[in-house]
Amino acid sequence: MTPTTAHEGERAALLQLLLGELLIGSVGVFVHESGQDPVTAVFYRCLFGGLFLLGWGLMRGHLHGLLQERVLLRGAVFSGVLLVLNWVALFAGMARSSIGVATLVYHFFPFVMLILAALVQGERTRPTDLVWTLLGFAGVVCSTNPARLWRDADPSYLIGIGLTLLAAVLCGASLLMSRQIGKQRPFALVMIQCWVGVAMLAGFSSTSVFHTGPHWGWLLGLGVIHSGIVYVLFYSAYPRLPVVTIAVVAFVYPLVTLLLDYLIYGHRLVPMQLAGLVLIVLGTLGVNLKWRLGWPRERGVTQNP
């Protein structure tokens, strides 16, 4: 491959990743406009997303020999359970706080992955990573608007923050497990996870959705766009981009979410929450890009991807 061709391929991958982040940033709007409870919304996200991914996978040959890979199938089921519970908790948290606030709090999940990797898988963590993790957690605290919690102590808002933190923990655990089992076949992994969600929630989703015709478009978009097209864009772009690019572009998602939350629903962040956003960005970039704080480079430390 010539340098020109490689550069063009990387540029195309960057555009795909940007489009994916722009699309995923609207997930909260689709959930809200669907008018459904979190369980029902996640069920149809999994159903329509699973159908899209199944069709795409068969057409592109991504599912060949999948049934013989028992380790992948078993891991996909366990990680799928965590992923689906994470979606339910996140959507419930959005309903009780706001789309923007929940998205900020939810971005604690990269730090959850770092902590779990050290505690469960024995990966050694650099002291600088611990500092960035603490900085990111401080950002999460700021993003919850602690002044409001102290002044109003709204029980519903508190529950929403708690559910979103739970979603971040579940997401971190699911992604950590998926990282171990889905390196070779990430597309097949996420398709199985969607069908795990269908099986989990089929008996719990509301039947009232059949009497709300206009909301079907939002549910269809929730599955096809946010669990279908977005994952196709992500997994086709990731192998062609450096980690630094992926880490930086990932912040398009919360920025789009905050913008839509303000433009559509009028939810504006207070200065404390904006400061929290900055701290979360710095903490996440510090961990992913291996920024150092003046200490010599540690030897023998496992670098987290």
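This is a predicted model: local features need pLDDT of at least 70, side-chain atom pairs count only at pLDDT 80 or more; totals for chains, interfaces and linings use all residues.

Biologist: How is empty space found?

Modeller: Rolling a probe the size of a water molecule over the atoms shows where space is left empty. Here, 49 residues line the largest pocket. Nearest its centre are F109, M113, L175, Y238 and I246.

Biologist: Which helix supplies the largest share of the lining of the largest pocket?

Modeller: That is α9, with 6 residues. Among the other elements that each give at least two are α1 (3–24), α4 (70–96) and α14 (271–288).

Biologist: How does the lining of the largest pocket divide by class?

Modeller: It has 34 nonpolar, 9 polar and 6 charged residues.

Biologist: What volume does the second largest pocket have?

Modeller: About 220 Å³. It is lined by 16 residues, with H32, F91, M94, A95 and I99 closest to its centre. Two or more lining residues come from each of α2 (27–34), α4 and α13 (252–265). The lining of this second largest pocket has 7 nonpolar, 7 polar and 2 charged residues.

Biologist: Now the backbone. What should I look for in phi?

Modeller: Most residues other than glycine have a negative phi. N145 has a positive one, near 60 degrees. N145 sits in the loop between α7 (127–143) and α8 (146–151).

Biologist: Is N145 buried or exposed?

Modeller: N145 counts as buried, because its relative accessibility is 11% and the cut-off is under 20%.

Definitions and conventions
Residues are numbered from 1 along each chain as its sequence is written. Side-chain values use heavy atoms; hydrogens and water are left out. On a 1 Å grid over the protein atoms alone, a cavity is a set of points where a 1.4 Å probe fits but cannot get out, and a pocket is an open set with protein on both sides within 12 Å along at least five of seven lines; lining residues have an atom within 4 Å of a point. Helices (H or I, at least four residues) and strands (E, at least two) are DSSP runs, numbered from the N terminus. Ala, Val, Leu, Ile, Met, Phe, Trp, Tyr, Cys and Pro count as nonpolar, Asp, Glu, Lys and Arg as charged, and the others, Gly among them, as polar. Grid points are joined across faces, edges and corners, and a volume is the space filled by probe spheres set on the points. Buried means under 20% relative accessible area, exposed over 50%, partly exposed in between (1.4 Å probe, protein chains only).
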